[in-house]
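Here are a few friendly notes to read with the model open beside you. Take the points one at a time and find each residue as you go.

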Amino acid sequence: MARVISLEEVKKHRRKSSVWIIIHNDIYDVSKFLEEHPGGEDALMDYAGKDGTQGFEDVGHSDDARELLKKFKIGTLSPEDRTKDITP
Ligand code: HEM
């Protein structure tokens, strides 16, 4: 079962040593992906400890990128902290 994580906890992971990002109410630890991200480290750091759904979708990431996401998933956001999800 996926670990349930609060927004308060996510907010603590906004330094390069530990970067968590929320996308579609799931939580991703991208600490080890910063240097590999084709969109650059800064794009990820802008959303460190925050909800990056809008940013992620605005770029129009490929299916490969979406597939890659699965590798970094560490949990889901607590129900009380969830936002109304956006497409897709
Ligand atoms: C957190 C998980 C993320 C993963 C796994 C990821 C993965 C990728 C991958 C594989 C690409 C190469 C193009 C593609 O396949 O679509 C890419 C490009 C890009 N990403 Fe991300 N990305 C993530 C988050 C973000 C976020 C939050 C932003 C914020 C704006 C972002 C901005 C970009 C940009 C601007 C490019 C385009 C680079 C270019 O084509 O010049 N990414 N990303």
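1. Start with the largest nonpolar core of this predicted model. This core holds 14 residues, and those with the most contacts inside it are Val19, Trp20, Ile21, Ile22, Ile27, Tyr28 and Leu44. Two strands, β3 (18–23) and β4 (26–29), each supply at least two residues of the core. The biggest share comes from β3, which gives 5 residues.

2. Now pick out Tyr28. Which residues does tyrosine 28 touch, once its neighbours within four places in sequence are set aside? Its contacts are Trp20, Ile21, Ile23, Leu69, Phe72, Lys73 and Ile74.

3. Next, look at how β3 and β4 sit together. These strands run antiparallel and are joined by 4 bridges.

4. Then step back to the whole sheet. It is an open sheet of 5 strands with mixed pairing, and the order is β1-β5-β4-β3-β2.

5. An unreviewed UniProt entry places the feature "domain: Cytochrome b5 heme-binding" at residues 2–78. In the model, that span is 34% helix and 25% strand, and its end C-alpha atoms lie 11 Å apart.

Conventions
Residues numbered from 1 in each chain as written. Predicted model: local features only at pLDDT ≥ 70, side-chain atom pairs only at ≥ 80, totals over all residues. UniProt positions renumbered as here; feature names shortened; annotations may be inferred. Core = buried A, V, L, I, M, F, W, Y, C linked by C-beta atoms within 7 Å. Buried ≥ 20, exposed ≤ 12 C-beta atoms within 10 Å, placed from the backbone. Contact = placed C-beta atoms within 7 Å. Pairing = 2+ DSSP bridges.
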